[in-house]
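User: Could you take a close look at one part of this model for me, the nonpolar patch on its surface, and then walk me through what surrounds it? I'd like the cut-offs along the way.

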Amino acid sequence: MSFRLPGLPDNGFDVLEYEMLAEKASSLGRTEHRMRDALKVLRENTREGRQARLLKDAADAVYAYFIQRELCGMRRHDDIIREYDIPRQVLARLGAR
């Protein structure tokens with residue numbers, strides 16, 4: 001008995017392509033989750049001593065999510081910036097104006 005994915009032709013390349021697309025989607029979900037968590041922590045903690053570190057962590061997470069989106073072919077981030085209400089301080093660290 002051989003392994004076949006439903007709806008795909010029976011050749012190795014298509015199975016590999018399916019696996020790569022699944023990994024891209026999974027990775028996109030993980031980076032989105034990391035970004036949401038970092039933004040939540042940034043918003044909830046307003047103590048001066050931790051703010052700089054949390055701002056850096058949030059900027060790193062947003063950057064990683066933007067890169068992962070671009071790898072999946074999604075080049076525009078305006079909707080994401082609005083949807084997640086990404087603070088200007090975070091965007092400034094990414095070089096946005």
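Analyst: Happy to. Tyr63, Ile67 and Leu71 make up a nonpolar patch on the surface, and together they have about 310 Å² of accessible area. Patches are built from residues with over 30% relative accessible area and no salt bridge, with nonpolar side chains (Val, Leu, Ile, Met, Phe, Trp, Tyr) joined within 5 Å and like charges within 9 Å. A salt bridge here is a side-chain nitrogen of Lys or Arg within 4 Å of a carboxyl oxygen of Asp or Glu, and accessible areas come from the Shrake-Rupley method with a 1.4 Å probe, where for residues only the protein chains shown count as cover.

A word on the model itself: it is predicted, so local features need pLDDT of at least 70 and side-chain atom pairs count only at pLDDT 80 or more, while totals for chains, interfaces and linings use all residues. Residues are numbered from 1 along each chain as its sequence is written, and side-chain values use heavy atoms, with hydrogens and water left out.

Tyr63 lies in helix H2, which covers residues 48-71. The protein chain has four helices and zero strands; helices (H or I, at least four residues) and strands (E, at least two) are DSSP runs, numbered from the N terminus. Leu91 is found in helix H4 (residues 88-93) and is buried, because its relative accessible area is 12%. Buried means under 20% relative accessible area, exposed over 50%, and partly exposed in between (1.4 Å probe, protein chains only).

Leu91 also touches Phe66: leaving aside neighbours within four places in sequence, Phe66 is in contact with His77, Ile80, Ile81, Ile86, Leu91 and Leu94, contact meaning heavy atoms within 4.5 Å. In the largest nonpolar core, which has 18 residues, Phe66 is among those touching the most other members, along with Met35, Leu39, Val62, Ile80, Ile86 and Val90. H2 gives the most to this core, with eight residues. Such a core is a set of buried Ala, Val, Leu, Ile, Met, Phe, Trp, Tyr and Cys residues joined through side-chain atoms within 4.5 Å. In soluble globular proteins, nonpolar side chains tend to be buried together.

Gln68 lies in H2 and counts as buried, because its relative accessibility is 12%. The side chain of Gln68 makes a polar contact with the side chain of Ser27 at 3.3 Å. That term means a pair of N or O atoms within 3.5 Å; within protein, one must be able to donate a hydrogen and the other to accept it, and residues adjacent in sequence count only if both atoms are side-chain atoms. Beyond four places in sequence, Gln68 is in contact with Lys24, Ser27, Leu28 and Thr31. Thr31 sits in helix H1 and is buried at 15% relative accessible area. A polar atom of the Thr31 side chain lies 3.0 Å from the backbone oxygen of Leu28.

Asp57 is partly exposed at 28%, whereas Arg53 counts as exposed at 52% relative accessibility.
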